[in-house]
Amino acid sequence: MEMNLLLAYIGIGIMVGLSGIGSAFGVTIAGNAAIGALKKVDGAFGNFLVLTALPGTQGLYGFAGYFMFQSIFNVLDSSITAIQAAAVLGSGIALGVVALFSAIRQGQVCANGIAAIGQGHKVFGNTLILAVFPELYAIVALAATFLMGQALAA
């Protein structure tokens, strides 16, 4: 039983760790672009702040996945079965990897929008729309994590 719980917590660690790393990279990519663009357009800080913060949501999805398994589905205890542990591990890997790449790529989309705004183009709204697409896949991975957890709790 302890080995099952260990396996599940490895999955949780991967989920939270990779999603957080992705968000850290994503917000840094966008933040660096914002600092450069502020040199040209200092009145656009509010827009830059929103675009810089967007990739941070994937890190929250990793934490939400952990919260679901711990508090909603209540499977992270000593009675966890091998199948439940494998599902938590699989969910953790899936959500962690998807959130990692989603956040980084979203940060790149936002950085390009920030650079364009810094050059005088009015693309804030368009950038927000385009930045949603990488985020969508992290949301799908979180939904899959929820469905796996729901199946375990049934």
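This is a predicted model: local features need pLDDT of at least 70, side-chain atom pairs count only at pLDDT 80 or more; totals for chains, interfaces and linings use all residues.
Trainee: Thanks! Which pattern does the protein follow along the sequence?
Mentor: Helices (H or I, at least four residues) and strands (E, at least two) are DSSP runs, numbered from the N terminus. The protein has 5 helices and 0 strands. Read along the sequence, that gives α-α-α-α-α.

Trainee: What box do the C-alpha atoms fill?
Mentor: The box is taken along the principal axes. Its dimensions are roughly 60 × 20 × 20 Å.

Trainee: How much of the protein counts as buried?
Mentor: Buried means under 20% relative accessible area, exposed over 50%, and partly exposed in between, with a 1.4 Å probe and protein chains only. The protein has 154 residues, and the share that counts as buried is 41%.

Trainee: Which residues have the most contacts inside the largest nonpolar core?
Mentor: A nonpolar core is a set of buried Ala, Val, Leu, Ile, Met, Phe, Trp, Tyr and Cys residues joined through side-chain atoms within 4.5 Å. The largest one has 18 residues, and the elements giving two or more residues to this core are α1 (2–38), α3 (57–72), α4 (82–118) and α5 (124–153). Those with the most contacts inside it are Phe69, Val75, Leu76 and Val88.

Trainee: And what is Val88 in contact with?
Mentor: Contact means heavy atoms within 4.5 Å. Leaving aside neighbours within four places in sequence, the partners of Val88 are Ala8, Gly11, Ile12, Phe69, Val75, Leu76 and Leu152.

Trainee: Which elements do the buried residues of α3 pack against?
Mentor: The buried residues of α3 are Gln58, Gly59, Tyr61, Gly62, Gly65, Met68 and Phe69. They pack against α1, α4 and α5.

Trainee: Which residues do ring pairs link into a cluster?
Mentor: Rings of Phe, Tyr and Trp (its six-membered ring) pair if their centres lie within 6.5 Å; planes under 30 degrees apart count as stacked, over 60 as edge-to-face and the rest as tilted. By this rule there are 3 aromatic pairs. The cluster links Phe69, Phe73 and Phe146.

Trainee: What phi does Asn74 have?
Mentor: Most residues other than glycine have a negative phi. Asn74 sits in the loop between α3 and α4, and it is partly exposed, with a relative accessible area of 47%. Although it is not a glycine, its phi is positive, at about 50°.

Trainee: Is Ser91 buried or exposed?
Mentor: Ser91 has its place in helix α4. Not counting residues up to four places away in sequence, it touches Met15, Phe69, Gly96, Thr145 and Met148. Because its relative accessibility is 0%, Ser91 counts as buried.

Trainee: How far apart in space are Ala111 and Gly31?
Mentor: Ala111 lies in helix α4 and counts as buried at 11% relative accessibility. Not counting residues up to four places away in sequence, Ala111 touches Ile29, Ala30 and Ala33. Ala111 and Gly31 are 80 residues apart in sequence, and their C-alpha to C-alpha distance is 7.6 Å.

Methods:
Residues are numbered from 1 along each chain as its sequence is written. Side-chain values use heavy atoms; hydrogens and water are left out.
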